[in-house]
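These are my notebook entries on a single chain. I record what I looked up, topic by topic.

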Amino acid sequence: MAVQRIYLDHNATTPIHPQVVERMAATLRDTYGNPSSVHHFGQQAKAALDEARSAVAALVGAEPSEVVFTSGGTEGDNFAIRGAAEALEAGGRRHLITSAIEHEAVLNTMKALAKRGWRTTVLPVGETGIVSPADLEAALADDTALVSIMHANNEIGTIQPIGELAGLAHKRGALFHTDAVQSAGKLPIDVKRLGVDLLTTSAHKFYGPKGVGATWVRRGLRLLPILYGGRHERSRRAGTENVAGIVGMGVAARLAVPTMASEAERLAALRDHLETAVLAAIPGTAVNGARAQRVPNTTNISFDRTEAESLLIALDLAGIAVSTGSACSSGTLEPSHVLKAMGLPPHRTQNSIRFSLGHATTAADVERVVAVLPGIVDKLRSLTRVPVRA
Ligand SMILES: Cc1ncc(COP(=O)(O)O)c(C=O)c1O
């Protein structure tokens, strides 16, 4: 009998929405002009880009002219950080600040700039997984060029106090970028209310295609491009646009808005039920990160005396797809840098599983997980004789 498959790894990527596929297929087939061409075919493609730009702008409360399409969250993070740092370098601002729980796209961009002479400060987080505004205030200096702190964390889902953090950065004349890859499409975002200068999103996290994203750049802000070439994207990102991908992102953005609030409520209820039931049924379990301040679809739970990779494989054999952390670092057997940064002991950093729910997740899916998980954990624990910690 075929295994019934349950996908609980929506923070790694989401299944593409059927309406997105339809529009992308039609665009690939019919809208093949180069958006830079002046003839009918080019203008048709340009109109498709414009429509998608408006949709993505509406998703984050921005003006269409402020949206720069990229190849995804990784490029967007690189563009925002390197583009701002390099533009501000001549003015003598050579200091950058980030947090220890950022995605590798931010952390490794910072490391690359550190090798090239920028001073970088990596802010710690406590067990809550939330950056403290007081820590940022203490780290800011007169030569701080940019602060980059994510909106929602991909592994534990915690939401950072972006408005307050951005306000502190601005007081010292620094720019503020937020990686909103895990919040765009899940939470209402208004770039003006958040008070940031740069914000990065990625389509495949909200039922759009992979390999396309958008970075919002506040009007008037000067960034150096990371790709040089033609004058695409107002000379901010050269290269003939991925028209079908961008159209797909636009459709996904339009689809996300009307259902966002009700979907958030539905997923939070399912996630909370999953969490409560797992914690009640399995001794030696704990939720990682502040429970109150999280995106609605994510929970990260540690299972004492249960090696996370073994649990992931056992769950996969039972038809349940979860993750041990971010998709980019899974398979490395390295404990999560996020959980380590939170100061959690090895029996939690190495024994944690992320469950991330999405549109297709049903109450029945959650009940199935709750039904099979205790037995799987028991079996894995029976292979070791160390007592379970409370
Ligand atoms: C918080 C965060 N930032 C950036 C990225 C990278 O986005 P992309 O996969 O579009 O390059 C991810 C993807 O997992 C993410 O979760």
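I began with burial: I call a residue buried if 20 or more other C-beta atoms lie within 10 Å of its own, exposed if 12 or fewer, and partly exposed in between, with C-beta atoms placed from the backbone. The model is predicted, so I note that local features need pLDDT of at least 70, side-chain atom pairs count only at pLDDT 80 or more, and totals for chains, interfaces and linings use all residues. Residues are numbered from 1 along each chain as its sequence is written.

**Entry 1: P209**

I located P209 in the loop between β7 and β8; helices (H or I, at least four residues) and strands (E, at least two) are DSSP runs, numbered from the N terminus. I then listed its contacts, two residues being in contact if their C-beta atoms, placed from the backbone, lie within 7 Å. Neighbours within four places in sequence aside, P209 contacts I16, V20, M24, A203, H204, G245, G248 and M249. I also checked H103, which is 106 residues from P209 in sequence and 20 Å from P209 in space, C-alpha to C-alpha.

**Entry 2: the whole chain**

I counted 13 helices and 12 strands in the chain. Of its 390 residues, 48% are buried. Among contacts with a separation of 6 or more, 74% are between residues 24 or more positions apart. The C-alpha atoms fill a box of roughly 70 × 50 × 35 Å along the principal axes.

I took two strands as paired if DSSP finds at least two bridges between them. Which order do the strands of the open sheet of 7 strands follow? The order is β2-β8-β7-β6-β5-β3-β4, and the pairing is mixed. At the edges I found β2 (67-70) and β4 (119-123), each pairing on one side only. From one strand to the next the twist averages 20°; angles run from 0 to 180 degrees between N-to-C directions, and axes are lines fitted to C-alpha atoms, for helices over the stretch in contact. Strands β5 (residues 144-148) and β6 (residues 175-179) run parallel and are joined by 3 bridges. S148 has H177 in β6 as its bridge partner. Helix α3 packs on this sheet and touches β2, β3 (95-99), β5, β6, β7 (198-202) and β8 (213-217), its direction making about 160° with that of β7. Helix α6 (residues 162-171) also packs on the sheet, where it touches β5 and β6; its direction makes about 155° with that of β6.

**Entry 3: α3 against α4**

I next examined how helix α3 (residues 73-88) packs with helix α4 (residues 104-115): the angle is about 35° and the axes are 9 Å apart. On the α3 side I listed G73, T74, D77, N78, I81, R82 and A85, which meet A105, V106, T109, M110 and L113 in α4. The residues of this contact divide into 6 nonpolar, 4 polar and 2 charged, where Ala, Val, Leu, Ile, Met, Phe, Trp, Tyr, Cys and Pro count as nonpolar, Asp, Glu, Lys and Arg as charged, and the others, Gly among them, as polar.

**Entry 4: the sheet of 3 strands**

I traced an open sheet of 3 strands in the order β9-β10-β12, with antiparallel pairing. Its edge strands are β9 and β12, each pairing on one side only. The twist averages 25° from one strand to the next. Strand β9 (residues 285-287) pairs with β10 over 3 bridges; here V287 stands opposite I301, and A286 has S302 as its bridge partner. On the other pairing, 5 bridges join β10 to strand β12 (residues 352-356), with T299 opposite F355.

Why did I describe β10 (residues 298-303) as largely enclosed by the rest of the structure? I did so because 6 of its 6 residues are buried. Both faces of β10 are covered, with T298, N300 and S302 buried on one side and T299, I301 and F303 on the other. Finally, I noted that helix α9 (residues 243-281) lies across β9, β10 and β12, running at about 10° to β10.
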